[in-house]
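Dear colleague,

Please find the structure below, handed over for your study.

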Amino acid sequence: MSANLRIACVMVGLPARGKTYISQKVCRYLTWLGIKTKVFNVGNYRRQLHGANLPHTFFDPHNTLGEQQRREAAAAALEDMIRWFNDEQGIVAIYDATNSTTKRRRWLCDTLAKQDIQVLFIESICQDEELILANIKDVKLSSPDYANIDPDEAAIDFRARIDHYKEQYETITEQELTYIKLINVGSQNIINQIQGYLESRIVYYLMNLHIAPRKIYFSRHGESQYNLSGKIGGDSNLSERGRLYAMKLPDLIKTNLGDQDLTVWTSTMKRTIETSEKLDYPKLQWKALDELDAGVCDGMTYEEIEQKYPEDYANRDEDKFNYRYRGGESYGDVVLRLEPVIMELERHENILIIGHQAILRCIYAYFMNYNHEDLPYIKIPLHTVIELTPKAYGCEEKRFKVDIEAVDTHRPKVKKSKSIRKINTSFKLPAVGASGEIVRDPMSPIIPISPQLFPKGSSSTTTSNKTGLSNLDLGDSAWPYNK
């Protein structure tokens with residue numbers, strides 16, 4: 001990716017239309033991929049400059065002083081955003097505000113164009129009163145604007161604020177702009193002038209979002225024969241205790257999910273498939289969910305790796321996320337191949353993933369917003385089910401431990417020492433020798449390798465309705481199977 005590429009995603013929409021929710025989701029997704037991203041929320045600047053607990057009259061378009069103060073907040077956020085691009089080499093910024101008039105959008109476009117920053121408008125339109133009311137109750141009434149205010153009074157005031165914005169609201173009609181319109185939480189999408197690979201990925205991600213209530217379950221496979229012997233990788237069968245866990249897993253899931261529908265995803269490896277055998281739900285195997293490839297170290301214990309490849313053993317402890325086994329993968333490589341899995345997770349409702357330690361760490365890090373340095377050390381113990389319930393700005397988590405002993409495969413983070421081997425920061429192939437290489441380039445974020453969604457230079461407006469992906473869309477990464 002060019003170091004000069006800079007994109008400002010500018011939110012557009014009335015209050016309580018999910019703009020902040022969308023902003024946080026996009027930021028989390030891009031950060032997980034390694035793309036430096038930050039949200040600039042104009043409401044936070046307004047509270048810092050002029051205080052919270054402002055009455056709805058502050059937002060009245062006929063309130064001259066209020067309008068001037070809102071412009072000050074918008075300008076302060078924009079200045080900070082441009083400074084972040086210039087001083088911290090940011091790649092994607094998200095400007096979170098209503099930006100509800102043609103005049104305001106033109107001001108943003110002109111200002112950012114002078115800085116050579118591309119603009120992608122993201123407009124959220126919602127005519128579903130139930131969704132709007134739910135958003136007001138779940139999110140807005142808990143915001144700093146309504147701290148220590150009676151919820152009923154706050155709801156009345158906030159609806160009056162929405163009415164003020166409706167007076168001057170102008171939906172995007174400017175055909176020269178690059179934009180996506182999300183209508184009723186993505187049930188319909190309209191896109192215009194989408195250009196370039198990164199814009200396409202952002203738009204594709206947005207087209208997959210939904211807010212229907214759901215639960216996501218993670219479980220590692222039952223304890224395996226390789227777990228017992230301390231070996232990594234391989235395609236071993238379950239141990240006796242692992243098979244016992246597979247027997248008890250269905251009751252645990254049924255107890256917590258009830259009669260709701262569920263789809264089970266596994267890797268193509270025997271230990272995950274064996275763990276899923278007693279689950280009476282539709283199943284899907286994903287090649288993309290296979291464990292991190294340890295290359296020449298596959299089937300070895302860590303003690304054997306330390307003895308045979310001492311330099312590389314030290315290098316992996318130095319930078320576990322970027323360390324790539326020779327003939328194998330790094331955690332960064334795994335994040336790349338899991339990107340289509342994340343897209344499908346965002347589309348679906350209740351899912352149980354029976355996976356592997358490194359794989360579940362990467363997926364868990366996406367939902368729980370872990371940074372790359374801490375990701376390889378997330379604790380995902382054997383014989384434990386993790387339940388995540390996505391909410392507006394994060395996930396609620398519960399863990400259910402099945403009372404079956406298993407080995408502990410977690411290796412704690414070690415104190416960093418000077419790396420023995422020189423870090424490879426170029427695009428050259430790793431040097432042959434020992435077991436692998438740290439591959440790190442701060443200006444090369446992880447970008448999915450799937451084809452560009454829209455042709456570069458497209459000038460047409462496209463309307464789409466959300467439909468499910470077929471196996472053809474997923475390539476050979478997934479296929480249904482029956483057990």
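**The annotated positions and their surroundings**

Glutamate 291 is placed in the loop that separates strand E9 (283-286) from helix H11 (302-308); helices (H or I, at least four residues) and strands (E, at least two) are DSSP runs, numbered from the N terminus. Please note that this is a predicted model, in which local features need pLDDT of at least 70 and side-chain atom pairs count only at pLDDT 80 or more, while totals for chains, interfaces and linings use all residues. Residues are numbered from 1 along each chain as its sequence is written, and side-chain values use heavy atoms, with hydrogens and water left out.

Glutamate 291 has a relative accessible area of 17% and is therefore buried. Buried means under 20% relative accessible area, exposed over 50%, and partly exposed in between (1.4 Å probe, protein chains only). Apart from neighbours within four places in sequence, glutamate 291 has contacts (heavy atoms within 4.5 Å) that include Arg271, Glu329, Arg337 and His356.

The UniProt annotation "active site", from an unreviewed entry, covers His221 and Glu291. UniProt positions are given in the numbering used here, feature names are shortened, and annotations may be inferred rather than shown by experiment. Although the two span 71 residues in sequence, no two of their C-alpha atoms are more than 11.0 Å apart, so they gather at one spot.

Histidine 221 belongs to the loop between strand E7 (216-220) and helix H8 (225-229). Its relative accessibility is 3%, so histidine 221 counts as buried. Not counting residues up to four places away in sequence, histidine 221 touches several residues, among them Asn227, Arg271 and His356. The side chains of histidine 221 and arginine 271 are joined by a polar contact of 3.3 Å. A polar contact is a pair of N or O atoms within 3.5 Å; within protein, one must be able to donate a hydrogen and the other to accept it, and residues adjacent in sequence count only if both atoms are side-chain atoms.

**Helix H4**

Helix H4 (residues 102-113) has 12 residues, which at 1.5 Å a residue should span 16 Å; its end C-alpha atoms are 16 Å apart, which agrees. The expected span is 1.5 Å times one less than the number of residues. In H4, the residues Arg105, Leu108, Cys109 and Leu112 are buried. They cover an arc of only 100° around the axis, which puts them on the same side of H4; the arc is that of the directions from the helix axis to the C-beta atoms.

Yours sincerely
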